[in-house]
Amino acid sequence: MAKHTVLLVEDDPSVSHIIQTALKAEGITVDSCKTVPARDALLASGKYDLLITDVGLGEEDGLATLDAVKARDPELPIIVISAQNTLNTAVRATETGAFEYFPKPFDLDDLVEAVQQAMKPRSGGLSSENANEDNLPLVGRSPAMQEVYRMIARLLNNDLSVLILGESGTGKELVAEAIHNLGHRKSGPFIAVNMAAIPTELIEAELFGHEKGAFTGAVSSAVGKFEQAQGGTLFLDEIGDMPMHAQTRLLRALQSGEINRVGGKGLIKLDVRIVAATNQDIASLIEAGKFREDLYYRINVVPIELPALRERASDVPALANHFLNLAASEGLPKKVLTKEGMDILSRHGWRGNVRELKNLIYRLVVTSREEVISETLIGQILQSPHEGEAGQSTEMDFSTRVKAIVGGLLGDKENGSSLYARALEKFERPMLEEILHKAGGNQIKAANMLGINRNTLRKKLTEYDIDPTQSR
């Protein structure tokens, strides 16, 4: 199926970038421009399935000339967006025959849905199965991620220093790569260095390079990460783990824009953008005397705080499908998840964030014998002790555990009892045994703890063949 093509007329680079990212995630080709003359020149090609236009385009009015657009192509759907959130603007947009009008700020999901609906009469509509976010550096359209996208868009045409904050596994390096790959330095190198992975005594040589004989073992000169990143971006991951002596030298380099290699005398002029990241509380490190306050202000010109995955649960399905496709592209079997399985993933705690989800998806792909990964298997793996040994979350809410148990019972071929009775037994038996244990085998005390009659308790114990004396 051929891709649909949209023309976006928007003079705000941040808004333009966000809309393009969302539409491209749905497999839609997007061309953009900022002015009415540029719009008309592009529309003359006749290749567009839909027009999205802002109202205020500098000194021009995007609405005033839409009658001419409709006259040339009466079938072209038009969506109007505007920061001029007045009744008059809404009325004018309606009078032009616009398919939809969105006052800013608008919900990005609503806009994407409107674009898909508007193109159905012309093209038969988009298939959600063809939605593709795999070519994007970041996946998800939750409100929390929209704010991240806005910040990234504002950083693409400048060299301001950025500090990315977020828990381990939230995708801090992906954000750094997006700032580089989408910005004006994309033709230069992207060099990433993990401060926590370098021995303290070698960190300065690693960053700034060294001359032959500068220290024991320096048998030849070496170029450091700063020089490797010339013309591009240097990503300093886990900067909270940088030792104080290296912090001092880094601050000097950022202030002067120059470095010299360890053991060297000549100065090297820098042309590098600095993006740093940490999962630590820098303010606490400063208070403890482990991080220089002046360096913090130097690298924290623009902070970007990444949300934990549990704070953007609506993105879990998109991320899960992304990793399923990624696994298939790497030669693993093509698998899909059931809706119930996706619901379990969306409710999970995700201490390890996106990294934990990716690892789980790959494990499910390898473990499942079926093309469709069941909610039963997902529940079993999430409860597996191996997950805890791997440092991942083993916590599941009560509802998730019940769903996993019921899913297993559905696949059970056992006859002679109803699903309800079997599910109730799965819960009642261990509950009664645990309460009896807590009550020391005393049935009166156990009945009181349960809030039921003693005779009812006796009946249940007989039904499940539980010997209360074994709990004393």
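1. A quick word on terms: here, contact means heavy atoms within 4.5 Å. With that in hand, and setting aside neighbours within four places in sequence, Lys290 is in contact with Met244, Gln247 and Leu285. Please keep in mind that this is a predicted model.

2. Staying with Lys290, you will find this residue in the loop between α11 (282–287) and α12 (293–299). Lys290 has a relative accessible area of 52%, and since exposed means over 50%, Lys290 counts as exposed.

3. On the chain as a whole: 21 helices and 16 strands are found, and 46% of the 472 residues count as buried. The exposed surface comes to about 23,500 Å², with carbon and sulfur atoms supplying 50% of it. Among contacts between residues at least 6 apart in sequence, 69% join residues at least 24 apart.

4. Now to the aromatic rings, where a search of the whole structure finds four pairs. One of them is Phe190 with Phe235, stacked at 6.2 Å centre to centre with 20 degrees between the planes. This pair links strand β9 (residues 190–194), which holds Phe190, to strand β10 (residues 233–237), which holds Phe235. Phe190 is partly exposed at 21% relative accessibility, whereas Phe235 is buried at 0%.

5. Have a look at Phe208 and Phe226 too: their ring centres are 5.3 Å apart and their planes at 5 degrees, so this pair is stacked. Phe208 sits in helix α8 (residues 203–208) and Phe226 in helix α9 (residues 225–228), so the pair ties together parts 18 residues apart in sequence. Both Phe208 and Phe226 are buried.

Conventions
Residues are numbered from 1 along each chain as its sequence is written. This is a predicted model: local features need pLDDT of at least 70, side-chain atom pairs count only at pLDDT 80 or more; totals for chains, interfaces and linings use all residues. Side-chain values use heavy atoms; hydrogens and water are left out. Helices (H or I, at least four residues) and strands (E, at least two) are DSSP runs, numbered from the N terminus. Buried means under 20% relative accessible area, exposed over 50%, partly exposed in between (1.4 Å probe, protein chains only). Accessible areas come from the Shrake-Rupley method with a 1.4 Å probe; for residues, only the protein chains shown count as cover. Rings of Phe, Tyr and Trp (its six-membered ring) pair if their centres lie within 6.5 Å; planes under 30 degrees apart count as stacked, over 60 as edge-to-face and the rest as tilted.
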